[in-house]
Amino acid sequence: MTRIDFYVLPSNQPHEGDIFACRLAEKAHRAGLHVLLTVDDADRAAHLDQLLWTFREDSFVPHSPQGEGQQAPVEINCGGEPGLHHGLLINLCSEVPGWFSRFERLAEIVTQQPESLARSRARFGRFRDRGYPLQSHHIGSN
């Protein structure tokens, strides 16, 4: 069964959630997991693609948009099927993809924006009611 982790950030800025997603993808990649970041649209995918190159000066996260040739250790999905991925899904979509249960782990990133908090509370309740193993991580400010 998919393990679901909620990462609760102190910031109310969506950009901070994207930076945290990059940090989490880097950490998971270093631990040997294949990572799929999923977003709602191509503009956000392009933004995340660029951010994975620049979020930290000394970092290198091998990544690519999903479906561009050979599978990269970290891929960015914007609406398609997840392909062969099954490690870590970092969900940055407004909805949870219907195929999330194919993954060993699902990461939900929560910022202090009212809509993000409400969406996360609803998801937490749905996952809890369905018996998924849940964890919340309150991330301190840097």
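**Note on pockets and aromatic pairs**

1. The largest pocket holds about 260 Å³ of space, where a pocket is an open set of points on a 1 Å grid over the protein atoms alone, with protein on both sides within 12 Å along at least five of seven lines, and a volume is the space filled by probe spheres set on the points. This is a predicted model, in which local features need pLDDT of at least 70 and side-chain atom pairs count only at pLDDT 80 or more, while totals for linings use all residues. Residues are numbered from 1 along each chain, and side-chain values use heavy atoms, without hydrogens and water.

2. Lining residues have an atom within 4 Å of a point, and the largest pocket has 17 of them, with R44, L92, I109, S116 and R119 nearest its centre. Helix 3 contributes the most, four residues; helices (H or I, at least four residues) are DSSP runs, as are strands (E, at least two).

3. The second largest pocket has a volume of about 170 Å³, and helix 1 gives the largest share of its lining, five residues. Among the lining residues are Y7 and F20, both of which are buried (under 20% relative accessible area, 1.4 Å probe).

4. The structure holds eight aromatic pairs, that is, rings with centres within 6.5 Å. The rings of F6 and F127 have centres 6.3 Å apart and planes at 55°, so this pair is tilted, a word for angles that are neither under 30 degrees (stacked) nor over 60 (edge-to-face). Because F6 lies in strand 1 and F127 in helix 3, the pair ties together parts 121 residues apart in sequence.

Conventions
On a 1 Å grid over the protein atoms alone, a cavity is a set of points where a 1.4 Å probe fits but cannot get out, and a pocket is an open set with protein on both sides within 12 Å along at least five of seven lines; lining residues have an atom within 4 Å of a point. Rings of Phe, Tyr and Trp (its six-membered ring) pair if their centres lie within 6.5 Å; planes under 30 degrees apart count as stacked, over 60 as edge-to-face and the rest as tilted. Buried means under 20% relative accessible area, exposed over 50%, partly exposed in between (1.4 Å probe, protein chains only).
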